[in-house]
Amino acid sequence: MEPTTPSLPDDDVAAIDRLGAIYKELSAELSKIIIGQQRVVELLSIALFSRGHALLMGVPGLAKTLLISSVAKTLDLSFNRIQFTPDLLPADLLGTMIYNPEERQFTAKKGPIFANLILADEINRAPAKTQSALLEAMQERRVTVMGRTFTLLPPFFVLATQNPIEQEGTYPLPEAQLDRFMFLIEVDYPTEEEEMRIARETTGNRSEELKHVLSGEEIIFYQDLVRRVPVPEHIYEYAVKLVRATRPSLETSPEWVKQYVAWGAGPRAVQFLILGAKTRAALQGSYIVRKEDIDAIVEPVLMHRVVTNFAAESQGITPRKAVARLAAEV
């Protein structure tokens, strides 16, 4: 029987070359449906091959949900969309155990979390009890239902959306859960040229079919590949200095950080900076991590891990501005 996926490259150099071609093909497929948002596509691709989860934040109508659904269509993976609402219960997410009288035992009725790719739409609309049900799945790639633990089959991703302007009937995500997301991706308005294309191309009878670009086996192969991309020692030092500079409790932190930042980023930020830089380098066809690979992902990695205080708010210093200033200074 013929293999369902193309043969994988034998050596790492050929594999990185192939990964760069796959990334271009993936971007081309998504551009059939999504106009613009190339930066968002790049960050989603980095999260995909880094085994990371991503949180997309933007006002309604910017195609956040459509983008994630389109990504799912280009991947030969199982996909479930979960609409988070105030009445969503953990059992609606994870599933439950049901008694089978014929077998005289409880059997698992698995919930929608049992898929390779999860779209958690408007994740901040569910209460903390339901949001916390995601924590074990996102970190350990397993879930516990009524005392029984089930492993989630790899690859496993949570891609969530959040509306930043509508706060009525929402529940802010706990810091512990925000920290599980590799990236906080801010989805911005399209340019005037892109919006003209949206007006022309999406209001007719256009219907594009997306083809599968990657299988689950290939994704796992390339996830292992990017972890082997070499990192120079000065890049490790740069990433650690960036993260440590966000912590106001350290004597080495800038004075303005001590004045305006309440909490800084933890060690997981360093891990994601290095992993993300490795993946970006591979997607760009580079065989080693460079400083620009770190710089390209500093904001989406650190923005949701830096908590500013009231003094910062009064001066208009947002976490994004604080991270941008830190990156420029360090």
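This is a predicted model: local features need pLDDT of at least 70, side-chain atom pairs count only at pLDDT 80 or more; totals for chains, interfaces and linings use all residues.

Visitor: How are the rings of Phe221 and Tyr222 arranged? And how many aromatic pairs are there in the whole structure?

Guide: A search of the whole structure finds three aromatic pairs. Phe221 and Tyr222 form an edge-to-face pair. Their ring centres are 5.0 Å apart, with 80 degrees between the planes.

Visitor: Which residues form an aromatic cluster with Phe221?

Guide: Phe49 and Tyr222. Together with Phe221 they make one aromatic cluster.

Visitor: New topic. Where does Phe150 lie?

Guide: Phe150 is in strand β8, which covers residues 148-151.

Visitor: Buried or exposed?

Guide: Buried. Its relative accessibility is 10%, and the cut-off for buried is under 20%, so Phe150 counts as buried.

Visitor: What is Phe150 in contact with, leaving aside its neighbours within four places in sequence?

Guide: Its contacts are Met97, Ala108, Lys110, Phe114, Arg142, Val143 and Val145.

Visitor: Why is the pair of Phe114 and Phe150 called edge-to-face?

Guide: The planes of the two rings, Phe114 and Phe150, are at 85 degrees, and over 60 counts as edge-to-face. Their centres are 6.1 Å apart.

Visitor: Where do the two partners sit in the chain?

Guide: In distant parts, 36 residues apart. Phe114 is in the loop between β5 (105-110) and β6 (117-121), while Phe150 is in strand β8.

Visitor: Last one. How many Å apart are Phe150 and Gly266 in space?

Guide: They are 29 Å apart, C-alpha to C-alpha. In sequence, Phe150 and Gly266 are 116 residues apart.

Note on methods
Residues are numbered from 1 along each chain as its sequence is written. Side-chain values use heavy atoms; hydrogens and water are left out. Helices (H or I, at least four residues) and strands (E, at least two) are DSSP runs, numbered from the N terminus. Buried means under 20% relative accessible area, exposed over 50%, partly exposed in between (1.4 Å probe, protein chains only). Contact means heavy atoms within 4.5 Å. Rings of Phe, Tyr and Trp (its six-membered ring) pair if their centres lie within 6.5 Å; planes under 30 degrees apart count as stacked, over 60 as edge-to-face and the rest as tilted.
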